[in-house]
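Here are some friendly notes to read alongside the model. Please keep the structure open and find each part as you go.

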Amino acid sequence: MSRIEPRTFRGTRDFLPSELIPRRRIVSIIEEAYRRYGFQPLETPAIEYLEILTGKSEENDKLIYEIRRARGDAEDSAESAIALRYDLTVPLARVVAQYAELPRPFKRYQIQPVWRADRPQPRQGRYREFVQCDADILGTDSPLADAEIVALTSEVLTALKFEKYRIRLSSRKFLAGLSELVTGNETHFFDFCRCLDKLDKIGWDGVEQEFGKNNIPAKDARARVTELMASGGTEPDFAGARKLVAGNGAAEVGLNEIETVYHAARDLGVPQGKLSFDATLARGLDYYTGPIFETVSEELPHLGSLTGGGRYDGLVATFSKQNVPATGTTIGLDRIQTALTQLERFKSEPSETQVLVARFDDAGVGKSLELAAELRRAGLRAEIWYDNDRMKKQFSYADQQQIPFVVIAGPDERERGEVSLKNLRTQEQVTLAQSDLAAHLLNVVKAQAGSPDSSGN
RNA sequence: GUGGCUGUAGCUCAGUUGGUUAGAGCAUUGGAUUGUGGUUCCAAGGGUCGGGGGUUCGAAUCCCCUCAGCCACCCCA
């Protein structure tokens, strides 16, 4: 009989324990920050009706996985088409439209996988199944909400010990105005942004070539944008920038909102040098309507953006008569993990077990089980040994799994009502009364967790 | 979606101009006289040479197709 080759679908991954343990640590740091800002949890189904997901952007529609039964018959085609969600923002908009009872402002966070049918590239932290960590505020058009999202992003990255990151800030309104100023009309907006966004990568000559390819009349773009960029950066000269776009309403409004968000975010604690006004940031061409932002790691430019978001005031209205203004961001968990891995700061951990209760001889099995139960009642993560194996094998397992303590109750210890406790890291072994074991170990473990020596991201 | 590179053991790779039973290191399992790991030594298990077809007396090696993986672009998290 032919075996089936065990494999995972391209662009998807298994998370083995040694990787998942530190990965979950990252998630809990993100979640803690979200909760500190007063966001409430939300989960939605992986599967949505196709019509919910499509129509936001042509490019995106091509990347949506549709679902069908493995053995369908004619009747199935009568069922509504369904698909895997592409992001968490669209399902959120659906939820807000669907449940009138939700409060305003509605602040929710959501940490769940999404699926996109594009070509995976692990080095760039790009997968077909990946986890997004979203935080969004709905029901207010105040720039303070945008600023809070920016501050939250910064706080998470700082908590994750990223040092060289930069949050780029711009505004879709500003870009629309700029496009109009440079090209003379509104028709080239999307192409204009896309070309401009490549500036970092291909330089001005390249951008001008791109303009040519797309038939964008942008002869004085270089001079104008260069000046604007000089007014931007981490200490933007908004007054100067305003002069450069004077007379264009959209650009002026956009600039004002950028300025408000910038200062509010700084007041909220975003460190100097981490937030920049960036006239060439052109992301989020789908449903964004106001301020937009993304984060890049300056050490890992090939990774693209670690986070991305912005204001999308029109999205809820695609599901409802109500027009609900909204802003938010997503933090890419897999990008974060990829970044930390490439920075060699993501250390694998094979086990979270704190103590292994060894099995010494058949006569001592009952005692070992009692000890494990006692340790577990004290809140320690304890494992027992199942088979009648030598100490060598049991210690070898503990070592391999990086379990720091082994408890032994052989005939000698049992006779005196004692146990031996070995610390595999320090190689110290102590013998103590059985009744003191749990309390003693709890103290030692606590002290270890507090020491600077203990690892942890 | 476009272009390029690569596919030999679980992992990293050797394999001479096509030539007998395809090798190494790491990992795994067992052992070095049975109360203690991380070092060392010995041994064992494990391979449709990605898959299919072709050329040849003979293919891991040459040709074609296909699949998979990686990289860049596109786009993004």
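**Notes on the model**

1. Start with the overall layout: the centres of domain 1 and domain 2, taken over C-alpha atoms, are 51 Å apart. In chain A, domain 1 covers 17-342 and domain 2 covers 355-449, with bounds that come from an automatic or database domain assignment. This is a predicted model, in which local features need pLDDT of at least 70 and side-chain atom pairs count only at pLDDT 80 or more, while totals for chains, interfaces and linings use all residues. Residues are numbered from 1 along each chain as its sequence is written, chains are lettered from A and ligands numbered from 1 in the order in which they are written, and side-chain values use heavy atoms, leaving out hydrogens and water.

2. Now look at RNA strand B. It is surrounded by 39 residues, and the closest are Arg126, Arg194, Arg283, Asp412 and Gln427; a residue counts as near if one of its heavy atoms lies within 4 Å. These residues divide into 17 charged, 13 polar and 9 nonpolar. Here Asp, Glu, Lys and Arg count as charged, Ala, Val, Leu, Ile, Met, Phe, Trp, Tyr, Cys and Pro as nonpolar, and the others, Gly among them, as polar. Helix H14 (391-400) supplies at least two residues of this surface, and its 7 residues are the largest share.

3. Which parts of the RNA are touched? Of the atoms of RNA strand B within 4 Å of the protein, 47% belong to sugar or phosphate and the rest to bases. A polar side-chain atom of Asp412 is 2.4 Å from a base oxygen, a backbone N or O atom of Ser305 is 2.6 Å from a sugar or linking oxygen, and a side-chain N or O atom of Arg390 is 3.2 Å from a phosphate oxygen.

4. Is Gln427 buried or exposed? With a relative accessibility of 63%, Gln427 counts as exposed (over 50%; buried is under 20% and partly exposed in between, with a 1.4 Å probe and protein chains only).

5. Next, strand E5 (residues 106-115). Of its 10 residues, 8 are buried, so E5 is largely enclosed by the rest of the structure. Helices (H or I, at least four residues) and strands (E, at least two) are DSSP runs, numbered from the N terminus. E5 pairs with strand E6 (residues 129-138) in the antiparallel sense over 10 bridges, where pairing needs at least two DSSP bridges. Phe106 has Leu138 as its bridge partner in E6. Strand E1 (residues 40-41) runs parallel to E5, joined by 2 bridges, with Gln40 opposite Arg108.

6. The peptide bond joining Arg104 and Pro105 is cis, with omega about -5°. Most residues other than glycine have a negative phi, and most peptide bonds are trans.

7. Finally, helix H5 (residues 143-159). At its start, a side-chain oxygen of Ser142 comes within 2.9 Å of the backbone nitrogen of Leu144. Buried residues of H5 include Ala145, Ile149 and Leu152. After H5 comes Lys161, with a positive phi near 65°; Lys161 is partly exposed, at a relative accessible area of 46%.

How values were computed:
A polar contact is a pair of N or O atoms within 3.5 Å; within protein, one must be able to donate a hydrogen and the other to accept it, and residues adjacent in sequence count only if both atoms are side-chain atoms.
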